[in-house]
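Colleague: I have a model open and want to read it feature by feature. Please walk me through it.

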Amino acid sequence: MKRILCLALAGLALLALASCAAGGESVEVWRAVSPYYLEGGSAVRSETVRVDAGLSAIDAAVEAFNTGTDRPELRRALPEGVDVLGWTLDGGALTLAVSPGYASLAGRARTVADCCITLTFCAIEGVESVSVHALGAALSSSMTPDGFVLEPQAA
Amino acid sequence: MTAAPEAKKRRRLTQRVQFRLVLAFLALIIALLALLNSYPVAASRDIVFSEKESSLLEQAGVLAASLAALDTLSGDGAAQVVQLLGLTGWERVMVTDAAGLVLYDTGTPSAEGRYALFAETARALGSERVFYSRFSGGAFRSSAAMPIARDGATIGSVYLSEVDSGQAEIILAFRDRLFAVSVVALAAAIALTLVFTLRLTRRITRLSEAVRTVREGNYAQRVAVEGGDELSELYADFNSMTETLQKTEEQRRRFVSDASHELKTPLASIRLLADSILGSEDIDPATAREFIQDISDETERLQRTTEKLLDLSRRDDGARGERKAVDLGRAAEATLRRLAPLAGKSGVDLRCDCAPGCLISAPEDDVYQIVFNLAENAVKYNVPGGSVDVSVRAEGGRVLLAVEDTGIGIPPEDLPNIFSRFYRVDKARSRERGGSGLGLSIVHDAVAALGGEIRVEPGEERGTRFTVSFPALDGKGAAK
């Protein structure tokens, strides 16, 4: 009986350690829905990503946005090699510096990337609009969540 | 005797046959009604879905082709085309450019100037034709999207949506009506099932009660047979069984009574004679000797009766002697030689016409019993100057033994009973001639045990003729 009790306590201790190790900050990041899973609803969807604690909200969002996803129905909004590199906040206007490859995005892919960036970063307190720059040139300006309609009923 | 009714009282509802039958019927009926309620509605919905798909995609295709023909894809141009095509009956018509920017939208509020990220527009911009439809909230909600393609490139998309409550109402009304009919049908089915199962279980209960009555010893119990179903057949079988039981019981009682009587009569005589000897002090030796001779005769009769009863009892228990090949002709001749003194004393001519080589498979003692009893009866119940003809012959794979006498004969009404135990045609004469009423019973049982048959019929002129047929045995010892 004592042996079982000891094993149970050891298991609990391991669980506690594991939960401490998994500690961090949760950030809601918007992703593109993989074409195979586009069955009604929206072409973008959010997921929660955990990043290191101690980062500012925007840095945490940048780190989370740049990471990939394990969920098969979602994919990263930016293509491989294109990342958010930096940011500046002026009042409520957030300017994101991105890799030059962003400029090559066009059509629906560009709209999806803009939408995911806007919805992810405008969710941060104090951010009202998002602009995207690459090599100092503005690629998208002052985007807000109102500029996107995710579902027919939401229009 | 009271255990069964108590058990009946203790039986729970779920243990009753009626409950189980009702449950099974109800499960079946409910399953059928569920199918009846769901399948037609689902099939109707599928038909409407198919119709919507065809209609929406066709309209979207026309709109996309018309927009592709414009020099520039713009909101105004799209509005004109929609007006021109008369696409005003749709819930929503939306046109986007290649990036998903809404150029034209009839939705409320309008999404013009915003980017549409619906799954439909996203897939249409990926050059797919898209159709979705669902039935919810009392309406068919359908949407279709299609790319606007020019020179092999997608320059935008069209999106059409429709909410159709008219067809939905028809299907819902149909569903409600089906449901109402189903409720009525279910109620009728429950009522019919209850009536039907009650009738069925009542019949089973009647039979069960009759079985209990028989178990308590009332073999006269019968159940009225109605109809021609399996239960009626069971009733008829039950009646037949109780009839057999009743007959057997009557035979058993009669046998006990007859046996007691047969044993009591000689015993009474013996006692009377013994008392006479003991009560007469000056009885002369000749009279005493005569009385003692009578006692001896009665004792012999008692012995014969008990031996025959024991023989019948052994046969009833299935005791069989060892079978061997027996030449029936020779056995008959040997048996008749033993009867010759009795025949001579009775003035009866005993004749034998026995063919040689008529082999049968039987215990020798049984063959002797059969021939002896038949021939002895033929001599005993004959008339002085009469004759007994015994013949043995082979015929068609059988060996036939015939014993015919010229005696007093057997009345036709007695013929069916002569093989019953203690049955006598003429009781007084039979006892007088030393008959026990068991000889023909022994013959009958022995013949049956050997796979044979016995037939009795009046003689050609008078008397009686017994014919016994046995399976013949070939020379190698196998029955033919």
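Modeller: The contact takes 21 residues from chain A and 20 residues from chain B. Two residues are in contact if their C-beta atoms, placed from the backbone, lie within 7 Å. This is a predicted model: local features need pLDDT of at least 70, side-chain atom pairs count only at pLDDT 80 or more, and totals for chains, interfaces and linings use all residues. Residues are numbered from 1 along each chain as its sequence is written, while chains are lettered from A and ligands numbered from 1 in the order in which they are written.

Colleague: Which elements give two or more residues to the side of chain B that touches chain A?

Modeller: Elements are DSSP runs, numbered from the N terminus: helices are H or I with at least four residues, strands are E with at least two. Here they are strand 3 (115-116) and helix 4 (119-125) of chain B. Helix 4 of chain B gives the largest share, four residues.

Colleague: How does that side of chain B divide by class?

Modeller: Ala, Val, Leu, Ile, Met, Phe, Trp, Tyr, Cys and Pro count as nonpolar; Asp, Glu, Lys and Arg as charged; the others, Gly among them, as polar. The side of chain B that touches chain A has twelve nonpolar, five polar and three charged residues.

Colleague: Where does strand 3 of chain B pair with chain A, and in which sense?

Modeller: Two strands pair if DSSP finds at least two bridges between them. Strand 3 of chain B pairs with strand 8 (residues 148-149) of chain A, in the parallel sense, over two bridges. There, A:Phe148 stands opposite B:Tyr115.

Colleague: Now chain A. What joins strand 4 of chain A to strand 5 of chain A?

Modeller: Six bridges, with strand 4 (residues 84-90) and strand 5 of chain A running antiparallel. A:Thr88 has A:Thr95 as its bridge partner. The two strands form a hairpin with two residues between them, and A:Gly91 in the turn has a positive phi of about 65°.

Colleague: How do I read the faces of a strand?

Modeller: In a regular strand the side chains alternate between the two faces of the sheet. In strand 5 (residues 93-98) of chain A, the covered face holds A:Leu94, A:Leu96 and A:Val98. The uncovered face holds A:Ala93, A:Thr95 and A:Ala97.

Colleague: Which strand pairs with strand 5 of chain A in the parallel sense?

Modeller: Strand 6 (residues 129-134) of chain A, over five bridges. A:Leu94 stands opposite A:Val130 in strand 6 of chain A.

Note on methods: A residue is buried if 20 or more other C-beta atoms lie within 10 Å of its own, exposed if 12 or fewer, and partly exposed in between; C-beta atoms are placed from the backbone.
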